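User: Please go through this model with me, one topic at a time, and give the cut-offs behind each term.

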Amino acid sequence: MTSHTTPADPAAGPRAARRRLIRELLLVAGLFTVYKAGRMLSTGRTDEAFRNAARIRDAESALHLPGEGAVQRLLLHGDALVHGANTYYAAVHFPATALFLVWLYLRRPHHYLWTRRVLAVLTGAALALHLAFPLAPPRMLGEADLIDTGRVYGPTVYGAAPATDTMANQFAAMPSLHFGWALMLALGMIAATRSAWRGLWLLHPLLTLLVVVGTANHYWLDAIVATVLLGAALLLIPRPARSGAAGHPSDPGADAGAPPGAVVQQQPPAPRRAAEVVGAGR
């Protein structure tokens, strides 16, 4: 079967691409706005948040999990180390996730849709848990022998008074979306690339885990619950076909040699000559 290409409207491709990009930007911004607004609904539930914190510490003790202080003591060996951890917590979370999504959108469109859906499910489940289970982070518990490294060494993203903080809900500790998003970033890059070194992306969630625990912003259980929710989201959202992993759209009708914006039209095979037919039957 042969094919030929017919040039399409040269402006149609860019216009459609711009519409898709604007739609995605609005969708992601809308989802993020709903999430941020929803988190603030449980800001004032201080007493409940501290009661839940006591329950979490009892649960970690029953599970024989290491104390968060073990990681914090490692960070406190040097001002530069703890300051770096605070900076990583404050400055890497959102930009890294945004760059990850932008790269997927441009280079791996199939994996972008999959990742966006997984992150939306994970974040929605996290929001529901934030509202149902307000939780004071370990840095607020004086008996835990931990310090708020962000306030002491800087930088910090939280206000001094949690109940009146209008920028963030400090009682939304469980699950840790810092860790959940970092783990999805690593899994998404591993799924979307073929480098022999792609397993090194797992260093990002590992470092994030040490940072969120060492800065006393999260409990170990916050990361464990985030992992469980992410696993459920991955089971719910089917992974894209492997054909999209190389970064080329899986369009069965696409002509690899056609110029961008060309429409591929299939033609029936040319009739064979009588001599060829006779020769094929010998």
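The questions and answers below take up the fold, the charged side chains and the backbone.

Analyst: This is a predicted model, in which local features need pLDDT of at least 70 and side-chain atom pairs count only at pLDDT 80 or more, whereas totals for chains, interfaces and linings use all residues. Residues are numbered from 1 along each chain as its sequence is written, and side-chain values use heavy atoms, with hydrogens and water left out.

User: Which side chains meet in a salt bridge, and at what N to O distance?

Analyst: A salt bridge is taken as a side-chain nitrogen of Lys or Arg within 4 Å of a carboxyl oxygen of Asp or Glu, and the structure holds one. Side chains of opposite charge can pair when their charged atoms come close. The partners are R139 and D148, with an N to O distance of 3.6 Å.

User: Is R139 buried or exposed, and what is the relative accessible area of D148?

Analyst: Buried means under 20% relative accessible area, exposed means over 50%, and partly exposed lies in between (1.4 Å probe, protein chains only). R139 has a relative accessibility of 11% and therefore counts as buried. D148 is also buried, and its relative accessible area is 15%.

User: Which backbone oxygen does the side chain of H178 reach?

Analyst: H178 is placed in helix 8, which covers residues 177-192. H178 counts as buried because its relative accessible area is 15%. At 3.1 Å, its side chain reaches the backbone oxygen of Y89.

User: Where does H64 lie, and what is its relative accessible area?

Analyst: Although H64 is not a glycine, it has a positive phi of about 60°. H64 lies in the loop between helix 2 (46-62) and helix 3 (68-75). H64 is exposed, with a relative accessible area of 71%.

User: What is the relative accessibility of A216?

Analyst: A216, likewise not a glycine, has a positive phi of about 65°, and its place is in the loop between helix 9 (203-214) and helix 10 (220-236). A216 counts as buried, at a relative accessibility of 0%.

Methods. Helices (H or I, at least four residues) and strands (E, at least two) are DSSP runs, numbered from the N terminus. A polar contact is a pair of N or O atoms within 3.5 Å; within protein, one must be able to donate a hydrogen and the other to accept it, and residues adjacent in sequence count only if both atoms are side-chain atoms.
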